[in-house]
Amino acid sequence: MAATLRPIGLSDLEQLWRLDQDPEVMRHITGGQPSSPALSEALLQRMLAAATRPGLGFFAVEEDGLFCGWMHLRSDRFEPAWAELGDSTVSARTVPENAASRRVMEKLGMHHAGDFHFPGGTVAGTALLPVPGVLYLRYR
């Protein structure tokens, strides 16, 4: 069965919130704590505002018509080399201990290209601390 992508929309709020109630989903984001409805709504609003050009933005991932997650496709704002590489490179990031995400990246032909820190911040009154991350790249 193949997964399909579609632009994320307002109708996805409940599915996003339900996904963020799963401690395993949130393990590498909040230490397993579920998100609040207010945080899920604030994040969805940020997702909806993020599309910068056609084909970029946040997408719902569905399998057999059922919501199973989301992904973000955007120009790389963490890597200053993105402007030089153009659209010939795809990058992905996760926390070092997220072995499942790292396996997915490797299955997609990506390679570990370095370490960095995700920046911290505050979203809907929830403090997000800076955390270590790993960068994966794939060149065309």
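**The sheet and its surroundings**

Reply: Three strands, in the order β4-β8-β5, form an open sheet with antiparallel pairing. From one strand to the next the twist averages 30°. The model is predicted, with local features requiring pLDDT of at least 70 and side-chain atom pairs pLDDT 80 or more, whereas totals for chains, interfaces and linings use all residues. Residues are numbered from 1 along each chain as its sequence is written, and side-chain values use heavy atoms, without hydrogens or water.

Helices (H or I, at least four residues) and strands (E, at least two) are DSSP runs numbered from the N terminus; two strands pair if DSSP finds at least two bridges between them. Between β5 and β8 (residues 131–139), which run antiparallel, there are 7 bridges. His-112 stands opposite Tyr-136 in β8. Helix α5 (residues 99–107) packs on the sheet and touches β4, β5 and β8, its direction making about 165° with that of β4. Contact means heavy atoms within 4.5 Å; axes are lines fitted to C-alpha atoms, for helices over the stretch in contact, and angles run from 0 to 180 degrees between N-to-C directions.

Elsewhere, the largest nonpolar core has 7 residues: Ile-8, Leu-16, Leu-44, Met-47, Phe-58, Ala-60 and Phe-67. Both α3 (37–49) and β2 (57–63) supply at least two residues of this core. A second, separate core of 5 residues includes Ala-92, Met-105, Met-110 and Val-134. Such a core is a set of buried Ala, Val, Leu, Ile, Met, Phe, Trp, Tyr and Cys residues joined through side-chain atoms within 4.5 Å. Buried means under 20% relative accessible area, exposed over 50%, and partly exposed in between (1.4 Å probe, protein chains only).

There are also 3 salt bridges, each a side-chain nitrogen of Lys or Arg within 4 Å of a carboxyl oxygen of Asp or Glu. Arg-6 meets Asp-12 at 2.6 Å, N to O; Asp-12 is buried at 1% relative accessibility, while Arg-6 is partly exposed at 25%. Arg-6 also forms a salt bridge with Glu-62, with the closest N and O atoms 2.8 Å apart. Because Arg-6 lies in strand β1 (residues 3–7) and Glu-62 in strand β2, this pair ties together parts 56 residues apart in sequence. Glu-62 is buried, at 15% relative accessibility.
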